[in-house]
Amino acid sequence: MKNKILALIFIIISIFVFFIAQKNNDYLQLNICDVGQGDGAIIRSAGGKLIVVDGGPDRKILDCIEELSVFKAKTIDYMILTHPHKDHVAGLVELLERYDVGIVIMAYEESYDNDEYEVFREKLEDINMEWVMSGEVFEIEEGLRLEFVWPIYGYSAKNVNDESLVTRIVYKNSCFLLTGDAGSDFEKYYAENFSDCDGLKVGHHGSKFATSKYFLEVVRPKIAVISSGENTYGHPSGEVLSRLSQSGANIFRTNEGTVKIVSSGLEWYIADTK
Amino acid sequence: MGKFWFVILILLLVAMFRSTVLVEQKYWPSDLVIDEELKVNNYPEFSKNVQYFDTDYGRLVTDRWPKFEKGEILLVKGEYLVEKEAIWFPEIDSISKPTGIQGFLNAIRNSISYKINHYFGHQSSELILGMLIGQNDLTPDLSEQLKRSGVIHVVVVSGQNLTMIFAFLALWGRYTRRKVFLMISVMILSVYVFLVGMDPPVVRAYLMILVVILAELLGRKYSSVQALVLTAVVMVAYNPLYIGEVSFRLSFLASLGVLVGIKVTTLLNMAQKGFLKYLVEVYITSFFAWLMTAPVIIISFGSLSVVAPIVNLAVLWLVPIIMVGGTIFMLVPDFLSSIFSYFLQILVNGFLVVVKEFAKIDIDIYEANSNISLYIVIFSYILIPTLIKLFLKIK
């Protein structure tokens with residue numbers, strides 16, 4: 001009898017914990033993940049929706065996404081690929097192996113000679129796809145929308161980095177700009193057509209060919225996150241770090257750990273950096 | 001000399017004779033250009049961002065993606081590098097996917113992998129899939145933690161996990177009718193062998209265990225240990241090269257450990273009852289299986305964590321329960337899967353928490369590659385005779 005009561009208590013507590021763990025937050029979480037030399041960001045909306053922007057070069061993104069919920073989520077609602085380089089797409093292939101995906105959003109339609117990108121495309125056969133360009137907006141839930149600001153229609157560059165899909169995450173009155181590896185063409189266009197944004201994922205892992213002074217003068221980020229790991233390219237460059245400091249942004253780097261940011265809708269603040 | 005030992009002696013003589021015929025080393029003396037259709041001979045394994053598998057030309061190492069399948073025919077253009085002892089990152093085009101039984105097996109493994117990956121976090125699923133179908137796809141972090149805490153062997157297909165299931169079943173078998181036990185054991189073990197792909201190491205372990213089960217069932221007239229020794233020696237007589245294989249040694253020693261463990265639990269005649277008694281028995285049996293295999297693990301996996309005995313003691317009993325739980329999880333319908341996965345997750349988390357905490361301890365793991373012999377010999381020569389003496393005493 002005693003054992004049965006203990007078992008019953010155990011089951012009730014388990015079910016209680018199970019349901020508590022499913023509860024949604026009233027704020028938006030954004031993890032700019034420590035994926036090594038690459039890009040990977042995950043957003044968990046206040047309503048519990050999961051949005052992934054790039055996946056990094058390997059499986060590190062899996063740790064990052066699992067940190068966002070007590071029990072493993074089964075569905076990623078939106079998956080965004082900025083461009084088909086391995087350091088952005090490989091982790092998405094790993095995610096496609098483990099999650100159901102609602103919609104995959106891309107700007108880049110052409111084939112690209114990269115094993116991981118080819119596998120990624122093969123895995124998209126039964127998944128809804130959206131091809132987007134600058135000006136398109138996705139309303140995710142009340143107060144949260146994704147605005148795509150680059151590339152513009154007809155734009156073509158020699159380097160696919162410059163064709164990166166750039167997304168503004170707008171949550172109520174706060175804004176965060178995820179720039180992929182886009183360079184000076186995008187920055188010029190943004191400076192001419194858009195306004196400030198509190199948060200910035202610094203372009204192209206902190207390469208000196210992105211994050212220009214005029215771009216920073218328009219964006220005026222309070223938080224700037226550089227996503228880079230061990231590399232031979234010199235990322236992030238000293239020039240970019242200096243420009244960011246001069247702009248007044250607080251700089252965070254993923255090589256020191258995943259940068260965890262939250263927003264209640266007014267502004268972004270750093271929750272943790274490990 | 002009894003009849004049994006006479007038969008063993010004859011078989012060993014046969015083995016010695018055959019070894020002179022069979023000894024062959026398959027390697028290429030110099031770099032070799034390859035432009036051929038090759039078959040994937042085993043289930044591909046993964047390490048970091050690399051995938052590797054065996055072909056008729058030896059090991060092939062390539063990128064993690066795309067993943068290839070056992071039995072798949074590939075057009076391979078590249079070089080076999082002597083320095084790497086492998087066909088090193090060649091150009092590969094898939095010619096045809098396997099059909100028939102291998103195609104069916106691949107489909108089952110893929111569906112298991114899909115379901116486990118969907119319901120469990122990646123480290124949990126890597127662990128469960130390693131235990132359940134011998135899938136070697138650990139992230140570097142988890143692999144390092146398992147090595148540091150000395151339990152990497154639970155996710156390596158060697159027949160040892162088969163022995164773990166056997167230990168689990170054998171304990172349960174004592175409380176049930178023999179025929180029922182035989183049928184269910186053979187069924188469960190067969191399903192496992194089927195899932196891990198009927199590779200020679202697993203099939204050999206399977207045969208050893210079947211013989212032991214049969215001996216147990218036939219009663220006191222047959223000694224389980226004698227049956228096990230006889231099976232092993234017949235296998236060695238058939239192919240003396242088996243004796244050099246890690247998986248063969250692990251299967252044999254783990255089975256022997258299980259038998260010792262079962263005898264010990266019988267001898268202890270514990271006062272506990274019900275589930276607690278059952279847990280203690282699984283615990284003791286698993287521990288003896290580990291103890292017997294420890295020297296081989298040290299030599300084969302190159303290192304021994306100093307915390308290994310404690311961690312093994314703490315988590316090894318979970319392995320057969322997770323394996324059986326994982327199998328049941330695969331069989332339950334989807335609407336029950338979430339709830340079932342929750343309970344299985346608790347067990348897996350328990351395993352991972354212990355492994356991770358012990359892996360953090362900042363003590364160098366003992367590297368077995370240099371001056372191994374002294375430590376190994378001392379360890380083995382104290383351990384194994386003690387166990388055999390213990391076994392003989394209680395027989």
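1. Lining of the second largest cavity. Strands β2 (40-44) and β3 (50-55) of chain A each supply at least two residues of the lining of the second largest cavity. The model is a predicted one, and it holds four cavities of 30 Å³ or more. By class, four lining residues are nonpolar, five are polar and three are charged.

2. D39(A). D39(A) sits in the loop between β1 (28-32) and β2 of chain A. Is D39(A) buried or exposed? With a relative accessible area of 4%, D39(A) is buried, since the limit for that class is under 20%. Leaving aside neighbours within four places in sequence, D39(A) is in contact with D54(A), G180(A), K201(A) and S227(A), among others.

3. D54(A). The place of D54(A) is in strand β3 of chain A. D54(A) is buried, at a relative accessible area of 1%. The backbone deserves a check here: D54(A) is not a glycine, yet its phi is positive, at about 65 degrees. Most residues other than glycine have a negative phi.

4. Pairing of β3(A) and β4(A). Three bridges pair β3(A) with β4(A) in the parallel sense. In this pairing V52(A) stands opposite M79(A) of β4(A). Strand β4, residues 75-81 of chain A, is mostly covered, with five of its seven residues buried.

5. Strand β9(A). How many of the six residues of strand β9 (residues 166-171) of chain A are buried? Six of the six are, so the strand is largely enclosed by the rest of the structure. Both faces are covered: V166(A), R168(A) and V170(A) are buried on one side, and T167(A), I169(A) and Y171(A) are buried on the other.

6. Neighbours of β9(A). Strand β8 (residues 144-150) of chain A runs antiparallel to β9(A) and is joined to it by six bridges. Strand β10 (residues 174-178) of chain A is also antiparallel to β9(A), with five bridges between them. I169(A) can be followed across these pairings: L146(A) stands opposite I169(A), and in β10(A) the bridge partner of I169(A) is F176(A). The hairpin of β9(A) and β10(A) has two residues between the strands, and K172(A) there takes a positive phi near 50 degrees.

7. The loop between β8 and β9. P151(A) lies in this loop of chain A, and the peptide bond joining W150(A) to P151(A) is cis, with omega about 5 degrees. Most peptide bonds are trans. Y153(A) is in the loop between β8 and β9 of chain A and counts as exposed at 76% relative accessibility. The C-alpha atoms of Y153(A) and Y214(A) are separated by 23 Å, the two residues being 61 apart along the chain.

8. Helix α7(A). Which residues of helix α7 (residues 238-247) of chain A are buried? They are V240(A), R243(A) and L244(A). They cover an arc of only 100 degrees around the axis, which puts them on the same side of α7(A). An α-helix has 3.6 residues a turn, so residues three or four places apart point the same way. The buried residues of α7(A) pack against α6 (213-219), β12 (223-226) and β13 (250-253) of chain A. The face turned away from the buried side carries the exposed residues G238(A) and Q246(A). After α7(A) comes G248(A), with a positive phi near 90 degrees.

9. T211(A). T211(A) is in the loop between β11 (199-201) and α6 of chain A. Although T211(A) is not a glycine, its phi is positive, at about 60 degrees. T211(A) counts as buried, at 0% relative accessibility.

10. Chain B. The secondary structure of chain B comes to 14 helices and nine strands. Of its 395 residues, 50% count as buried. Among contacts in chain B between residues at least 6 apart in sequence, 70% join residues at least 24 apart. Chain B also has a cis peptide bond, from W65(B) to P66(B), with omega near -5 degrees. P66(B) is in the loop between β4 (58-63) and β5 (73-81) of chain B.

Terms used:
Residues numbered from 1 in each chain as written. Chains lettered and ligands numbered in written order. Predicted model: local features only at pLDDT ≥ 70, side-chain atom pairs only at ≥ 80, totals over all residues. Heavy atoms only, no water. Buried < 20%, exposed > 50% of the residue type's maximum accessible area, 1.4 Å probe, protein only. Helix = DSSP H or I, 4+ residues; strand = E, 2+ residues; numbered from the N terminus. Pairing = 2+ DSSP bridges. Arc of directions from axis to C-beta. Contact = heavy atoms within 4.5 Å. 1 Å grid on protein atoms, 1.4 Å probe; cavity = no way out; pocket = protein on both sides within 12 Å on 5 of 7 lines; lining within 4 Å. Points joined across faces, edges and corners; volume = space filled by probe spheres on them. Nonpolar A, V, L, I, M, F, W, Y, C, P; charged D, E, K, R; others polar.
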